[in-house]
Amino acid sequence: MAPHGPDGETAPEWRGTVRAAAAGPTPDQAWALLGDFCSLDKWVSLVQTCRRLEGDDGQPGCVRYCAGPVNMAAPGEAVGWSKERLLEVDAAGRSYSYEVVETNKGFGRYRATIGVQPDPAGCAVRWSFEADPVKGWTLEGFVGFLEKLAHGVAKRLEEEIMVNVDGDPAALRVF
C-alpha cells in the first residue's frame, strides 16, 4: 500500500521532472509566453485547443479545457481532453501549478508545476509532476513523453521569441 499524505489520501505513486534548455530567450522573455495558463495550445504542439472554462484568467481556481490527438487510455477515441485547475502562480519565480480535475486520458490524481529557469543557454523549461499511474502508460514512457513535450516547448521558445523583426536581432515577438 502506498504511503498516506497529511490529509489521509494515498500518496501519488509516480513522480518525475523533465527539463529542456532554450538557446537565446531569457527566463523573463520565456515566462511572458509560458505564464499564460490558457495558452497551452500556443506552445505545446500536441495541444490543439486550450481555453478558459471558468474563473479569472491567471488566478488560482481558473479552469482550462485542453484537447489534442494523444489519448493512450482510449486509442480509438479521436481526441484526448482534460479540464485542469490552476492551483498556484509564482510570477516572481516564473512558475505555476495545476491539477487535472476531469479527463478521458486515463489520469487519476495528477498535479504538475511548469516553470522557467535561468540556464547558460538562455533559459530552461522545467516540468515536474506527481500522479497516480496513468492508464495506457508506464512511468518511463510517460516521463519520456513529457521530455519530448518540454524539448518541443524549448524549440518553440527559440523560434517564437528569438525572431528577427525588421532586421533587429534584439527584437522580440511574443504572441
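## Two hairpins in the sheet

Strands β4 and β5 form a hairpin with four residues between them, and R94 in the turn has a positive phi of about 55°. Strands here are DSSP runs of E of at least two residues and helices are runs of H or I of at least four, both numbered from the N terminus; two strands pair if DSSP finds at least two bridges between them. The model is a predicted one, in which local features need pLDDT of at least 70 and side-chain atom pairs count only at pLDDT 80 or more, while totals for chains, interfaces and linings use all residues. Residues are numbered from 1 along each chain as its sequence is written, and side-chain values use heavy atoms, with hydrogens and water left out.

Strand β4 (residues 80-90) pairs with β5 in the antiparallel sense over eight bridges, and within this pairing S82 stands opposite T103 in β5. A hairpin is also formed by β5 and β6, with six residues between them and a positive phi of about 90° at G106 in the turn. Five bridges join β5 (residues 95-103) to β6 (residues 110-119), again in the antiparallel sense; the partner of S95 in β6 is G115, and that of Y98 is A112.

## The whole sheet and its helices

Seven strands form an open sheet with antiparallel pairing, in the order β1-β7-β6-β5-β4-β3-β2. Because β1 (14-23) and β2 (49-54) stand at the edges with a single partner strand each, one side of each is left without a neighbour in the sheet. From one strand to the next, the twist averages 25°.

Helix α1 (residues 27-34) lies across β5, β6 and β7 (122-131), running at about 150° to β6, whereas helix α3 (residues 139-161) lies across β1, β6 and β7 and runs at about 25° to β1. Contact means heavy atoms within 4.5 Å; axes are lines fitted to C-alpha atoms, for helices over the stretch in contact, and angles run from 0 to 180 degrees between N-to-C directions.

## Strand β3

Six of the six residues of strand β3 (residues 63-68) are buried, so β3 is largely enclosed by the rest of the structure. Buried means under 20% relative accessible area, exposed over 50%, and partly exposed in between, with a 1.4 Å probe and protein chains only. In a regular strand, side chains alternate between the two faces of the sheet. In β3 both faces are covered, with V63, Y65 and A67 buried on one side and R64, C66 and G68 on the other.

Five bridges pair β2 with β3 in the antiparallel sense, T49 having A67 as its partner in β3. Six bridges join β3 to β4, and these also run antiparallel, with V63 opposite R85 in β4.

## Aromatic rings

Rings of Phe, Tyr and Trp (its six-membered ring) pair if their centres lie within 6.5 Å, and planes under 30 degrees apart count as stacked, over 60 as edge-to-face and the rest as tilted. The count by this rule is 14 aromatic pairs. The rings of W31 and Y96 have centres 6.3 Å apart and planes at 50°, so this pair is tilted. Since W31 lies in helix α1 and Y96 in strand β5, the pair ties together parts that are 65 residues apart in sequence, and both residues are buried. F107 and F142 form an edge-to-face pair, 5.9 Å centre to centre with 75° between the planes; this pair links F107 in the loop between β5 and β6 to F142 in helix α3, 35 residues apart.

The charged end of R64 sits over the ring of F37, 3.9 Å from its centre, and over the ring of Y98, 4.8 Å from its centre; a charge sits over a ring if NZ of Lys or CZ of Arg is within 6 Å of the ring centre and within 35 degrees of the ring normal.
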